[in-house]
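Here is a guided walk through a predicted model. Keep the sequence and the 3D view open as you read.

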Amino acid sequence: MGKTTIPEDEFTYPGSTGCPGCGANLVMRYLLKGLGERTIVSIPACCWAVMPGYWPSNCLKVPLLYTAFEATGAAISGLRAALDVKGVNDVTVVGFAGDGGTVDIGLQALSGAAERRTDAIYVMYDNEAYMNTGIQRSGSTPWGAWTTTTPVGSSHGFKHETKKDIMAIMQAHRIPYAATVSPAFPEDFIKKVEKAKSIKGLRFIHALSPCPPGWRTNPSLSVEIARLAVDTRVFPLYEIEDGKVRITRKGKGLPLVEYLKVQGRFQHLTEQEISEMQKGVDDSWIMLLLKESSGT
Amino acid sequence: MVMTGNYASAYGAKLARAEVIAAYPITPQTSIVEKLAEFVATGELKAKFIPVESEHSAMAACIAAQTAGARTYTATSSHGLTLMHEVLMWASGARLPIVMTNVSRAMAPPWSVWVDHMDSIAQRDTGWLQFFCQSNQEVLDTIIMAYKVCESAGVMLPAMIIEDAFILSHTSEPVDVPEQQLVDSFLPAYSPDLKIEVGKAYGFGSLVKPDQYMEFRYKAMLAMKEAHDRILRVEQEFKHVFGREHGGLLERYRCEDAETVLVTAGSVAGTAKDVVDALRATGQRVGLARIRAFRPFPHDEIRSLASKLEGIAVLDRSYTFGAAGAMFTEVKASVYSCQRRPVMKNYIAGLGGRDITPKILERIFEDIQVIAKRGAEDEVEWVDVAGLPRRWR
């Protein structure tokens with residue numbers, strides 16, 4: 001086995017209050033490995049608002065600024081402005097928010113920060129629902145998923161709306177860099193974080209974050225499921241640099257059902273519904289390949 | 001210089017050397033941030049101007065910048081202020097001495113861009129110091145004083161400087177703009193004991209347990225108490241340096257031997273002082289008490305004033321539905337512990353920019369003097385409203 005390129009330095013102490021098998025723990029861990037200690041992180045209401053531990057504990061080796069649910073984009077703008085005015089230019093400012101805090105309630109502030117070219121990295125860890133409050137659907141919950149607010153009943157089960165394409169939304173803001181990352185591929189993850197760190201302006205990282213309680217999965221399978229998301233192409237790994245799309249890992253092209261069948265949140269789906277979902281995944285993949293080949 | 005209240009705010013923030021300004025436009029606040037954007041663009045003010053996409057973000061950005069050790073300023077009005085409500089609480093809970101101008105304007109619906117105090121009063125419980133101003137000079141001076149009060153170690157709370165929409169915001173008055181050097185000597189650079197910085201892995205605003213939360217609130221309560229004394233001390237220092245003062249928390253005008261006093265806040269106090277002078281000339285023993293600081297509330301000042309009076313009229317430029325004017329209920333609460341309590345009545349007037357004329361104020365004085373002798377029939381009366389008794393018109 002070859003040596004990995006993953007930095008050995010750790011910026012997370014033991015003591016995170018995350019659930020067993022929490023993908024967001026790995027997302028934070030790999031993010032900080034890529035960024036290093038000269039980092040300030042702002043966190044809105046989300047699982048990670050709780051996971052560092054009760055005051056005065058902090059399981060991270062970087063300072064944290066907690067902020068209101070919808071305010072991450074504004075908080076990173078304020079932090080950057082203060083550092084600029086004080087002449088501090090070697091610190092990376094990070095916004096670290098969940099999917100609800102990004103694609104729903106925080107979208108306005110994020111859009112503002114992107115439009116103002118705020119010099120910061122915004123990370124959305126995507127567990128595909130409001131997990132900290134107990135598995136309520138968000139704009140990032142995929143079609144077909146069970147959540148507590150999209151219950152599976154006789155007449156109208158599961159979520160019938162498609163997941164917001166946050167990467168396309170961010171691309172439309174013409175930000176210098178956006179990338180998807182997965183805790184199953186830490187080298188790809190950290191490489192993208194390091195690249196993001198070297199760029200000025202608003203950089204966006206979309207991290208898939210398996211959630212055992214919310215996805216109804218075995219906590220020991222989180223990395224496996226994150227890998228299946230890439231291999232079934234439901235969550236492709238790519239980056240958009242100066243508007244140019246580049247797929248960083250094509251995945252094996254496994255049938256979507258391999259990803260769905262290990263998750264309790266999709267157990268109610270019929271074969272026909274799964275084949276509809278498969279078609280959606282195939283179409284998105286073809287679109288992504290087209291974007292890559294056309295250079296947009 | 002001759003300038004509007006809004007320019008007085010902008011010059012106040014500039015003289016205080018605000019380092020980060022985050023703001024979103026709303027009528028009638030706009031000329032404050034336009035002027036500040038100009039100061040930053042020309043380099044007259046060395047600051048970062050963040051043109052945010054909402055008032056909520058304006059305050060959230062100020063909170064973050066102030067946490068990182070920068071002196072911040074913003075300005076808003078009405079719907080902008082109420083949109084900030086959540087993060088106003090965040091600012092005080094985080095113990096950040098942010099200073100903000102609110103151009104006090106009525107709330108919709110129906111739409112109104114004109115003055116009343118509903119927006120400001122609705123933020124009473126957010127933990128901010130609140131200063132209602134009577135003049136443009138007071139706006140400028142109070143911004144400078146507020147930074148000094150709020151940044152002192154025992155206080156560390158934010159302050160809201162309230163200008164009446166259009167009456168102050170867009171009306172020009174002579175304003176003495178002090179020398180920068182003098183302001184610098186009065187107000188040192190912001191240098192908090194604790195700020196967010198790399199190398200110190202603190203969490204700012206972490207989760208606390210029920211056995212920890214109340215202590216944070218208790219300390220904020222003590223800080224607001226400290227702010228009361230600090231306001232008085234800072235104003236004395238200000239007077240020593242600049243030769244002006246504005247009346248502490250409760251400005252008393254010709255109250256020494258008064259039998260009845262009108263209590264109010266904001267620009268209408270200027271008109272009321274003229275009316276007091278006119279009535280005094282006819283031998284009536286009337287006075288004016290202007291609530292300058294609504295938070296912290298001048299309970300002791302009200303109490304010592306009230307114990308000598310026969311009647312108190314409280315004029316509110318807002319209304320708390322289901323109760324009365326907020327200033328009235330607060331004044332009444334202060335007066336309760338007096339040995340001898342004057343007769344009190346609440347007058348609701350001037351909502352949505354309706355003029356409060358000298359004639360209306362004369363009639364309020366007339367009314368309170370009559371009922372001070374015979375007792376009040378109605379505790380709260382709406383003044384100059386169509387369909388109600390014509391005596392106000």
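Start where the two chains meet. Chain B brings 38 residues to the contact, and chain A brings 35 residues. Between them, chain B and chain A bury about 2,900 Å². Carbon and sulfur atoms account for 69% of that area. The size of an interface is often given as the accessible area lost when the parts come together.

Which residues of chain B lose the most area to chain A? They are Glu53(B), Val198(B) and Leu207(B). Together these three make up 21% of what the chain B side buries.

Now trace the chain B side by its elements. Those that give two or more residues to the side touching chain A are β3 (48-50), α3 (55-67), α5 (85-93), β9 (203-204) and α9 (210-242) of chain B. Of these, α3(B) gives the most, with seven residues. By class, this side of chain B has 21 nonpolar, nine polar and eight charged residues.

Among the buried residues are Gly5(B), Asn6(B), Ala8(B), Tyr11(B) and Leu15(B). Lys14(B) is on the buried list as well. Just after α1(B) comes Arg17(B), with a positive phi of about 55 degrees.

Finish with the cysteines. A disulfide is a covalent bond between the sulfur atoms of two cysteines. A search of the whole structure finds zero disulfides over all chains. Take Cys59(A), which is in no disulfide. The nearest cysteine sulfur belongs to Cys22(A) and is 11 Å away, while a disulfide needs the two sulfur atoms within 2.5 Å. Cys59(A) counts as buried because its relative accessibility is 4%, and the cut-off is under 20%.

Cys255(B) is in no disulfide either. For Cys255(B), the nearest cysteine sulfur is that of Cys338(B), 14 Å away. Its relative accessibility is 7%, so Cys255(B) also counts as buried.

Key. Residues numbered from 1 in each chain as written. Chains lettered and ligands numbered in written order. Predicted model: local features only at pLDDT ≥ 70, side-chain atom pairs only at ≥ 80, totals over all residues. Heavy atoms only, no water. Buried < 20%, exposed > 50% of the residue type's maximum accessible area, 1.4 Å probe, protein only. Contact = heavy atoms within 4.5 Å. Buried area = accessible area lost by both parts, 1.4 Å probe. Helix = DSSP H or I, 4+ residues; strand = E, 2+ residues; numbered from the N terminus. Nonpolar A, V, L, I, M, F, W, Y, C, P; charged D, E, K, R; others polar.
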